[in-house]
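Dear colleague,

I am passing on the structure we spoke of, and below it I have set out what I found when going through it. Please read the notes with the model open beside them.

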Amino acid sequence: MPDLLSLPYSVLKPGGDAATALYIVSFSLFIIGIKRGTHPTTAKQGNLIAAVGMAVAVLTTLLLDGIGNWGLIVLGLGIGSAVGVIASVRVQMTEMPQMVALYNGVGGGAVALIAWSEIRHGISLGEEIPLDELIPVLFAGVIGSVSFWGSNIAFAKLQDLIPTRPLAVPGQQVINAVLLIGIVAACVDIALNNSDPSQGIFIAILIAAALLGNLVVLPIGGADMPVVISLLNAFTGLSAAAAGFALDNVALIVAGTLVGSSGTILTMEMATAMNRSVSNVLFAGFGGAPAGGAGGATEERPHTSIGAQDAAIKLAYADSVVIVPGYGLAVAQAQHAIKEVADELEERGVTVNYAIHPVAGRMPGHMNVLLAEADVPYEQLREMEEINPEMSRTDVAVVVGANDVTNPAAKNDPDSPIAGMPIIEVSEAQQVIVIKRSLSPGFAGIDNDLFYEPNTSMLFADAKAAASEIAAEISQL
Amino acid sequence: MSLFTEITIFVLAVFVGFEVISKVPTTLHTPLMSQTNAIHGIVMLGGLIVVGFANDGIEYVIGTIAIAFGTINVVGGFMVTDRMLGMFSKKSKPSTSSASRPGADGSDKG
């Protein structure tokens, strides 16, 4: 271990004992950090531990022999840190899913750029590039590029920069298949000519992968976006691992692989929560036709609409109330106003619970974060399986800005695009109040039968304004 | 490192990843996803390495952007996760609302 002893005085040898030992420390901290991240009391600490692991990995790399061009390194680190800090401080809690998509995208972009740089470097050496280096580089380039562009499209959809509806190009599947075959063929060509690979072909591969990333995510409806982001997160992890193979860097291999496998589990959990398979999400456009078909009929169907005062009376004289929050609550920043309503009701002895659908908001756990921000006690947040059996004993269910996760069509209509998705069974409650701006369909782009049921009252308003008004009315009763 | 050493490490890491995150409460899915997202920002190491052997203008630019992208991924990812988890730790404050009183009927107040 001579390297370790002379650590402060000289640079570390890449792949040497000291560097490897430090990388082992680093990825051990990642594993401990992820492990702690799975439990509520240790999660914050886990995140810090992982961040320390990252600091160790970065410092170790900066000490490696052969690291140079310090001006550029400082420039890159400076720009990246500034953007990362500013974006993280400014982002609203409601915009978290987009933010994760964006961070995931830049990670994928970095992998693709590193792969490109590796290829250029290999070509400039003028020697045969060994396949155990070239194949990971190709893999990293393709997946990194797909991930970068796919994540950007996911970001744009969640940020409403492009329509959240599924956007399909005619012959979509054929185009995707052709692109994929083309990419594989071009990769094989480069691998066969590994003594003198063409940089032009590699750039063409990156562009084709970029197109593929766009085309795969564009046709996916907004409701499936969490699954897609999670899948792309796992992909970026795998591409980082591939870059690790190419660069012979054990920290990259372990950390990237950890993200790849844990991300895969998370993706499957999310898909299961929505009763969709991952392949279904990727290859079946969601809610396109039914949304168009139901759109015309929507106007005609009778519904009951009420004002804040009536809603306040219904709530104040109930014994038990269940609040079903959805993304609309988040958008309207209504979590604090809803908490006021709950406080007023509790003053009057009404039992208040919150029913949290696994995919409420736009990501699993998103709603819990928002309600925690409003100081809603943890015990009142009830999971779907837990609250559904109690629904029939509930006097009033208040749906605030939630839509698809309450749609009874998921249970009753086998032809519905969301058929089989587990829902919060609000229609079992004695009365339902839906606070919503209009009857327009939700994120999945399909009509909600709940709005037209006899025990449902619609309160058309902005969630925050309506909740404040209801809270004021209750306090005056 | 030989290819098969690397593949061994890879396969073991796959299983560690599976084991370490199974059984996560829904509440923590978003923060955990954000945290793992920050961890794959480790690709910035690759950026640091390739800038070292960059030898023309294009490679300088590619490498610098790769470092910047990776750094955004790391710094932003960990900070945003910390902010999200900070929301949960506030819960330890005692709740200001009075406990619910089962059976009490609000009607007599009006």
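Among the contacts in chain A that link residues at least 6 apart in sequence, 78% join residues at least 24 apart. Please bear in mind throughout that this is a predicted model. Chain A has 477 residues, of which 56% are buried, and its secondary structure comprises 19 helices and 7 strands. The C-alpha trace of chain A extends over about 80 × 55 × 35 Å along its principal axes.

The domain assignment divides chain A into domain 1 (1–90), domain 2 (96–286) and domain 3 (293–476). Between domain 1 and domain 2 of chain A, the centres, taken over C-alpha atoms, are 24 Å apart, and the contact between these two domains involves 10 residues of domain 1 and 8 residues of domain 2. On the domain 1 side, helix α2 (residues 17–36) of chain A gives the most, with 7 residues. By class, that side of domain 1 has 7 nonpolar and 3 polar residues, and no charged ones.

Turning to the contact between the chains, 105 residues of chain A meet 88 residues of chain B. Several helices of chain A each supply at least two residues to the side that touches chain B, among them α2, α3 (43–62), α4 (70–90), α9 (225–247) and α10 (250–273), but the largest share, 18 residues, comes from α5(A). The side of chain A that touches chain B has 57 nonpolar, 35 polar and 13 charged residues.

From α5(A), the residues that make the contact are A:M96, A:V100, A:Y103 and A:N104, while α2(B) brings B:T30, B:M33, B:S34 and B:N37. Taken by class, the residues of this contact of α5(A) with α2(B) comprise 4 nonpolar and 4 polar, with no charged residue, whereas the whole side of chain A that touches chain B does include charged residues, 13 in number.

With best wishes

Note on methods:
Residues are numbered from 1 along each chain as its sequence is written. Chains are lettered from A and ligands numbered from 1 in the order in which they are written. This is a predicted model: local features need pLDDT of at least 70, side-chain atom pairs count only at pLDDT 80 or more; totals for chains, interfaces and linings use all residues. Domain bounds come from an automatic or database domain assignment. Two residues are in contact if their C-beta atoms, placed from the backbone, lie within 7 Å. Helices (H or I, at least four residues) and strands (E, at least two) are DSSP runs, numbered from the N terminus. Ala, Val, Leu, Ile, Met, Phe, Trp, Tyr, Cys and Pro count as nonpolar, Asp, Glu, Lys and Arg as charged, and the others, Gly among them, as polar. A residue is buried if 20 or more other C-beta atoms lie within 10 Å of its own, exposed if 12 or fewer, and partly exposed in between; C-beta atoms are placed from the backbone.
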